[in-house]
Amino acid sequence: MDELVAPSHLQAQRLLQTIYEQDLVFLPAEGRLDRSEMNAFYADEHRVAGQVVRPTLERHVFAWLDDEVQVTGPWTLDAFKSWSDTVMNDNRMTTESGLMRFLSTSRKPRDVVRCFLVQCAGDFLTEASAMARNVLGNFGIAQSELFKILIDEYGYGVHEKKHSTIFERLMHEAGLNSGLHHYWQFYTASSMALTNYFHFISCNHRHFFRYLGALFYTEASLAFSTRLQSRAVKMAFGAEADTLYFDEHAHIDLHHGRMAFERLIVPVVGRFGDEVLPDIVRGFEEFRLLQDVADRDLLA
């Protein structure tokens, strides 16, 4: 993990995020549209160049996970459920004590929360874009169940309820600029890795089962971590602060965590057998490790 602090790691994460985002649609929220900039960003030669270097960059920033995460032995669905429940219970206790202790002893809690929101912005302002890569094609009932989670993230077509829209309001509440990548120079490599990892395992569909494991971890863990983040915002900005973004996730991700296991992982394992479980376990553990690294960097 020593390479995570190298300048090349940050530069590679920046390049990867730009390459991944060439698949997304960006239009200015206000002001005029500069077609020359738009055409340049989506230019064929830039897209081709990005796809050529993408595998090399992905190996540079994510290959270390192969050494850090060892998945051995036979796995069954019951064993995975028992183990993941234990992980979630342990995380719940560790996260609460660490986060709240850090905030309660900080002399500038508002700056701490603003820093946290800035690190989230690279992902939350385009929330669920990587997930959308996985609802194409034809893979049975699991496809429809995954789509249900996706449309929740997009507010069921109501723009004001779209999670990224709610996060924009939270940034304004905290006195921050909600423009896409306004704080690009302040993103840490570890926070960008959280966003890029989901694109990494979603762009190449041979990693689909790893994606299911990572999705299950993030949805299940957000159900309790967002409660703490809501408390953190109120601690910094007052009891009347708008914490709907985190409150909404604390509510809906209880459901999404169950859906990810019961309606995605269970039927997929039932259809394709226990042989897909090592990849599911790997995705679960890899994203958990990346989240731990990002949390450590934030609280350092």
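## Ground rules

Buried here means under 20% relative accessible area, exposed means over 50%, and partly exposed is anything in between (1.4 Å probe, protein chains only). This is a predicted model, where local features need pLDDT of at least 70 and side-chain atom pairs count only at pLDDT 80 or more, while totals for chains, interfaces and linings use all residues. Residues are numbered from 1 along each chain as its sequence is written, and side-chain values use heavy atoms, with hydrogens and water left out.

## Overall build

The chain has 13 helices and zero strands, counting helices as DSSP runs of H or I with at least four residues and strands as E runs of at least two, numbered from the N terminus. Of its 300 residues, 48% count as buried.

## Salt bridges

There are 13 salt bridges in the structure, each one a side-chain nitrogen of Lys or Arg within 4 Å of a carboxyl oxygen of Asp or Glu.

Take Glu 145, which is buried at 10% relative accessible area. Glu 145 pairs with Lys 148 at 3.2 Å between the closest N and O atoms, and both sit in helix H8 (residues 141-153), three residues apart. Glu 145 also bridges to Arg 263, at 3.7 Å. Arg 263 belongs to helix H12 (residues 244-272), so this pair ties together parts 118 residues apart in sequence. Lys 148, at 34%, is partly exposed, and so is Arg 263, at 35%.

Over in helix H13 (residues 277-299), Arg 288 and Glu 285 are about one helical turn apart. Their side chains meet at 2.6 Å, N to O, and both residues are buried. Elsewhere, shared partners join Asp 66, Arg 210, Arg 282 and Glu 286 into one salt-bridge network.
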